[in-house]
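These are my notes from looking through a structure that is new to me. I wrote each entry as I looked it up.

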Amino acid sequence: MSEGYIPGELASGEPGRSTIGRRAATGAIGIAAVGIAAGLTSWSASRHYDHAAEPPQEFTRTVLAKRMADAVPRDPADAAWKALPAIPISLEPQRMIEPRLDRAPVLTLCELRAMHNGKEVGFHVTWEDPNRSDLEVNGQFRDSVAIQLPVSPEGPAFAVMGQPGRPVHLLHWRASWQRAMEGATGTIRDAFPNAVSDVSPEDVMNAELAQKYYPAQVAGNAMALRERTSPVEELVAEGFGTITSQGEQRADGKGVFTNGRWEVVLVVPMAGKENQASLSPGSHTSVAVAVWNGGKGDRGARKQFAYWSGLELEA
Amino acid sequence: MAEVSNWQLGRDMQYPYDAPRPNKQVAWVFDTNKCIACQTCTIACKQTWTWGRGQEYMLWNNVETKPYGFFPTGWDVKLMEMLGPGSWKDGVYEGQTVFEKAPEDLHVLGWQPETEDWSHPNVGEDEPAGETDRGTYVGSIPHDVWFYYLARICNHCTYPACLAACPRNAIYKRPEDGIVLVDQSRCRGYQECVTACPYKKVMFNPVSGTSEKCIACFPKIEQGLQTQCVTSCIGRIRFAGFISPPGEVDEKNPIDFLVKVRKVALPLYPQTGTEPNVYYVPPIHAPRQFLKQMFGPGVDEAIETYTKAKDDPELLGLQMLMGATEHIIHGFEVEGEVVKGFDAAGKELVSVPLREPSFIRKYFDEVRDVYLHNIT
């Protein structure tokens with residue numbers, strides 16, 4: 001393993017910039033301390049690490065985001081998407097940090113397309129999955145896909161979740177959120193259509209009081225939102241375990257499952273503020289992808305991911 | 001992995017964090033001999049904390065019948081299967097804990113229950129072990145036909161497996177009282193904690209998309225009050241309080257007295273290595289082999305001491321103090337035939353007679369030529 005700054009910074013427990021990952025890095029509460037550092041003690045994939053510490057000067061692949069005159073279509077089946085070449089992106093199982101992907105990889109490739117119209121950039125990802133998994137209940141997990149962009153294109157961040165001081169901007173589409181967009185009730189009946197349940201707080205008290213029974217929602221946890229306006233969440237990360245929902249949510253998209261294949265579009269404005277990628281026509285940056293197979297138990301760090309590819313935005 | 005000390009195992013063990021003990025550690029004592037599985041605790045907990053949407057099958061407190069009752073289904077059978085045999089020698093556990101036996105890609109050895117496993121909280125209720133036939137009479141202790149009730153909440157472990165497994169550090173143990181909580185703003189519903197908890201006391205809420213668990217009624221604990229499951233218990237089987245750190249004993253503290261002085265209350269499956277903080281008085285009538293697997297090597301001594309409680313004023317006194325006040329009893333004292341409980345400042349909370357007045361009638365009424373069912 002070569003001498004690199006990534007584990008050093010993480011292991012020192014120094015807080016990252018702003019508040020992102022502060023608690024994870026410093027363990028401000030109780031004994032949940034130095035988790036990241038502890039995780040790194042069993043760091044095993046040295047070749048992954050070397051790759052990150054010394055990123056290749058030339059990307060093996062560059063994805064061209066073609067400039068379009070019209071709006072970026074949300075429908076993955078739109079002819080404008082199909083007209084673009086599909087760039088194959090190779091995926092690897094995440095085995096750097098616990099919980100590692102403890103199963104044989106089910107995917108070796110996904111396909112990526114990109115376009116922009118000067119205001120929005122869109123990504124179109126397709127991959128094979130024999131089963132649609134869009135429920136999140138006990139012991140069941142959802143399919144999902146994430147697009148990762150460096151906040152700053154100079155000197156790419158670590159390819160998996162960034163690193164302290166070099167945040168990455170993430171767009172995360174989830175099949176369960178897509179399902180919620182398409183008419184799920186947000187009750188136990190989504191998972192069990194015939195389930196019978198007794199009265200719940202909102203049936204017998206005003207909304208303000210009833211809220212107290214939903215702490216994750218009150219805490220502003222994006223996972224707990226009742227009414228979804230987008231199946232895509234915008235996040236920022238500065239290393240493993242630091243993923244944090246962006247304050248302002250602007251991303252949009254749509255996922256469609258047909259014949260054992262997911263096709264997902266993720267769209268985000270090109271102008272970015274703090275902790276967001278800021279893109280402009282003619283610029284170069286990088287892009288990475290991660291795919292989760294919910295039916296196989298993938299969630300969180302149990303995922304398949306791709307290293308950086310180049311991303312060129314057509315002038 | 002760090003080396004930490006686990007007094008319940010009688011040895012040091014591996015844990016993912018160098019976890020200092022909290023300033024205070026909340027703890028409970030449950031007397032299984034007095035539990036009648038009325039589930040009042042279960043309902044008190046549910047009505048207080050988990051009647052929202054997505055919590056339909058969530059019971060932070062449950063009471064299950066042993067050996068055939070489980071919530072979730074088969075939780076401890078699977079745990080024992082996973083851990084494999086592990087023997088005790090002179091009070092030292094020689095087997096492996098859930099941390100020491102963790103697979104290479106994880107911090108904790110665990111398993112993920114299916115949704116259906118959470119759907120049958122009353123499975124196996126009142127189902128006895130052993131064979132019965134018409135006319136079977138159970139007349140000896142231990143019983144050859146037996147079951148008992150095991151009331152369960154989160155153990156607020158000293159070395160929580162849920163915390164060890166969370167990749168986001170969304171679970172924390174409060175330094176002020178040792179209560180283990182899931183930070184509802186950080187949790188992203190990976191369910192790693194559900195998989196890791198050997199007692200299966202973290203549960204996933206599909207509506208909030210986060211995992212949730214027993215919060216030890218922290219708003220009550222912070223006010224010096226015992227938890228809902230304790231104060232609602234009509235069988236008066238429970239104490240909630242604080243346990244002193246290993247090597248320290250406060251003989252006037254009810255929890256310390258029961259766990260460390262008389263040693264009648266034992267941890268649940270201590271071999272997990274999490275150092276659970278709910279301590280059980282084992283049932284006197286169930287087979288010792290089964291009980292030793294569940295409560296460790298202290299079972300014989302605990303039962304021997306417990307069955308002599310009538311001649312032990314302090315042990316008897318503590319039994320009378322169970323359920324006698326909503327406040328946490330920090331100190332107790334027996335004066336003659338009365339036991340008193342005190343708060344943290346030494347102020348008297350309650351005083352209770354050691355023995356309730358009783359009159360025992362003959363079981364056969366000669367005048368009316370009839371046997372009497374209730375002779376007290």
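**Entry: strand E14 of chain A.** I began with the pairing of E12(A) and E14(A), which run antiparallel and are joined by four bridges. I looked up one pair and found that Val287(A) has Ser309(A) in E14(A) as its bridge partner. I keep in mind throughout that this is a predicted model.

I then checked what else E14(A) pairs with. Strand E1 (residues 62-67) of chain A runs parallel to E14(A), and four bridges join the two. Here the partner of Ala65(A) is Leu313(A) in E14(A). I noted for myself that strands of a sheet pair through backbone hydrogen bonds, in either the parallel or the antiparallel sense.

Is E14(A) mostly covered or mostly exposed? I found that four of the five residues of this strand, 309-313, are buried, which makes E14(A) mostly covered.

**Entry: chain A as a whole.** I counted nine helices and 14 strands in chain A. The chain has 315 residues, and buried ones make up 54% of them. I also looked at contacts in chain A between residues at least 6 apart in sequence: 69% of them join residues at least 24 apart.

I looked up the domain division next. Domain 1 of chain A covers 59-182 + 226-313, and domain 2 covers 187-224. Their C-alpha centres are 30 Å apart. To the contact, domain 1 of chain A gives nine residues and domain 2 of chain A gives eight.

**Entry: a sheet in chain B.** I found an open sheet of four strands in chain B, in the order E12-E3-E14-E13, with mixed pairing. Its edge strands, each pairing on one side only, are E12 and strand E13 (266-267) of chain B. Strand E3 (residues 25-31) of chain B pairs with E12(B) in the antiparallel sense, over six bridges. One of the pairs I looked up is Val29(B) with Phe239(B), the latter in E12(B).

**Entry: helix H1 of chain B.** Which residues of helix H1 (residues 40-49) of chain B are buried? I listed Cys41(B), Thr42(B), Ala44(B), Cys45(B) and Lys46(B). As a reminder, an α-helix has 3.6 residues a turn, so residues three or four places apart point the same way. The buried residues of H1(B) pack against strand E4 (62-66), helix H6 (228-231) and strand E12 (238-243) of chain B.

**Entry: cavities.** How many cavities of 30 Å³ or more does a search of the whole structure find? I noted eight. E12(A) gives the largest share, four residues. I sorted the lining by class and got 29 nonpolar, eleven polar and eight charged residues.

The second largest cavity holds about 140 Å³ of space. I found 15 residues in its lining, with Asn138(A), Ile188(A), Tyr57(B), Phe204(B) and Pro206(B) nearest its centre. By class, that lining has nine nonpolar, five polar and one charged.

Key. Residues are numbered from 1 along each chain as its sequence is written. Chains are lettered from A and ligands numbered from 1 in the order in which they are written. This is a predicted model: local features need pLDDT of at least 70, side-chain atom pairs count only at pLDDT 80 or more; totals for chains, interfaces and linings use all residues. Side-chain values use heavy atoms; hydrogens and water are left out. Buried means under 20% relative accessible area, exposed over 50%, partly exposed in between (1.4 Å probe, protein chains only). Contact means heavy atoms within 4.5 Å. On a 1 Å grid over the protein atoms alone, a cavity is a set of points where a 1.4 Å probe fits but cannot get out, and a pocket is an open set with protein on both sides within 12 Å along at least five of seven lines; lining residues have an atom within 4 Å of a point. Grid points are joined across faces, edges and corners, and a volume is the space filled by probe spheres set on the points. Ala, Val, Leu, Ile, Met, Phe, Trp, Tyr, Cys and Pro count as nonpolar, Asp, Glu, Lys and Arg as charged, and the others, Gly among them, as polar. Two strands pair if DSSP finds at least two bridges between them. Domain bounds come from an automatic or database domain assignment.
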